[in-house]
Amino acid sequence: MMGQLAARGHELTPDPAEAEVIVVNTCSFIDPAKQESVDTILEMAEYKKIGQAKKLIVAGCLVERYRGDIRKDLPEVDALIGTNEIERIGDICEGVEASESGSVAPYLYHDLTPRILATPRHFAYMKIAEGCDHPCTFCVIPQYRGKFRSRRFESVISEATRLFAHGVREINLIGQDTTCYGEDLGIRDGLAELLARLAGIETPQEKWIRFLYAYPNRVSQKLLDTIAAHASLAKYIDMPLQHASAPVLKRMKRGASGDIFLKLIEKIRRTIPGVAIRTSFIVGFPGETDADFETLRQFVEAAQFDRLGVFTYSDEDTSASFALDGKVDGRTIQNRKRSLMALQRRVSRAKNRRLVGAEFPVLVEGPSPETDLLWQARMSTQAPEIDGVTLINDFEGAEPKPGQIRRLRVTEAHDYDLIGTLMAGVEQDPNAAPAHDERAEWPGAGTARLIQIGPAPAQIPVR
Ligand code: SF4
């Protein structure tokens, strides 16, 4: 949406007080996301009274799910844009057409779509597929994102090439299920092939590529071999497992069991030395007994995950699990979450302590958003925004600069974060990123600047 507005000559501002049109992009996956979306809409509506705003537009999944309710209960909202109507953003902002077209053609952007990066210049997310065909009973995403569909190979390669040419050092591939990539195009092991092609893009400097959201039974040996074979593919597997007790996984309609997952984890670690495995679980799913939760705890203890997130079950009225019996009370759910996180904190701390004294390449991000005294960086085994970080409290040689990949010696370990000294030896940077004020692009510096990635020069979009 930002890319399209910029391409039509509109000026983007992160300051709602000076915006003439405010767009709130929403999520409706679970209760806290819905609440945050509604709170933001109400907060932004105030700027129609105290700021320059003449129009408030709500976009995204909340619209797909509660279009009628928003129209009825939030009269401050002037227009709605569903997830498949993104290309209407320009017309709606300019008041060219009525607020709703009823368009339902599944939307997926391509290499001719103009794009603005809302992330700092050194990393970017890139969507490779949209929608999901899995039947997970707790999940409402397929209802709003539609059937699974992949972007074309060449479209993804073309966009990645341009991102790297703009100075992006790390690309994170996303989609509801990245490991299904290419299945709808009739390609076997599509993600493995795509990763190998992305790794082959020539860049003047080291680059990192990772994918997020793997579905466990799609993590093939070929995929793991491909990650192991290419230095630029992050040794990182993000694989939400959701639970480890077989009866719960069956009610979730995901299948498998803790034992099956342990064998897969062993295979991942055997194939990719030094890999970091991230997962997430849902606690309090309907029917989850004390014994099921104990199975999950024992599994987490045995699996020794590098990164782990815990969600509390959210009883969504349009999900299949809404009709299941055996709902778990809220207090028990919270206690289970606390218990699992406490266990993981111990695992994480022990793993981090073993890294003290070791050296790793890190991607320097910028001054720490928490304190002026530290800089923030990440190892390739730390994904942006969801994992811990590596903080720099000292450096040898040249001053750190955002976007550099440099070696760091770990000197201290915390539960989730590491602290270390950046070592001398700055990579040569002949023609990588265009000259820019790096500090201004990192949220830690106070102001974020938007990076514009122009569309591919081709005439025909490669969808
Ligand atoms: S695989 Fe992910 S997006 Fe798809 S239904 Fe399951 S939880 Fe939802």
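**Close-up views of a predicted model**

**View 1. Ala196 in helix α8 of the predicted model.** Ala196 has a relative accessible area of 30%, so it is partly exposed, a class that lies between the limits of under 20% for buried and over 50% for exposed. The residue belongs to helix α8, which covers residues 190-199. When neighbours within four places in sequence are set aside, Ala196 is in contact with Thr226 and His230. Ala229 is 33 residues away from Ala196 along the chain, and the C-alpha atoms of the two are separated by 8.8 Å.

**View 2. Helix α4, residues 61-73.** The helix has 13 residues, which at 1.5 Å a residue should span 18 Å. Its end C-alpha atoms are 17 Å apart, so the model agrees with that expectation. A bend of about 85 degrees is found in α4 at Arg67. Which residues of α4 are buried? They are Cys61, Leu62, Val63, Arg65, Tyr66 and Ile70. The elements that these buried residues pack against include the strands β1 (21-26), β2 (55-60) and β3 (79-81). The helices α2 (31-45) and α6 (141-145) are also packed against by the buried residues of α4.

**View 3. Strand β14 and its partners β13 and β15.** Strand β14 spans residues 375-379 and is mostly covered, with five of its five residues buried. In a regular strand the side chains alternate between the two faces of the sheet. On one side of β14 are Trp375, Ala377 and Met379, and on the other are Gln376 and Arg378; both faces are covered. Strand β13 (residues 359-367) pairs with β14 in the antiparallel sense over five bridges. Opposite Gln376 of β14 stands Gly366. Strand β15 (residues 390-395) also runs antiparallel to β14, to which it is joined by three bridges. Within β15, Ile392 is the bridge partner of Trp375.

**View 4. The residues around the ligand.** Cys132, His134, Cys136, Phe138, Cys139 and Pro142 are among the residues around the ligand. Gln176, Tyr215 and Arg254 also belong to this set. How many residues of the shell are nonpolar, polar and charged? Six are nonpolar, two are polar and one is charged.

Definitions and conventions: Residues numbered from 1 in each chain as written. Predicted model: local features only at pLDDT ≥ 70, side-chain atom pairs only at ≥ 80, totals over all residues. Heavy atoms only, no water. Helix = DSSP H or I, 4+ residues; strand = E, 2+ residues; numbered from the N terminus. Expected span 1.5 Å × (residues − 1). Bend = angle between axes of the 7 residues up to and from the residue. Buried < 20%, exposed > 50% of the residue type's maximum accessible area, 1.4 Å probe, protein only. Contact = heavy atoms within 4.5 Å. Near = heavy atom within 4 Å. Nonpolar A, V, L, I, M, F, W, Y, C, P; charged D, E, K, R; others polar. Pairing = 2+ DSSP bridges.
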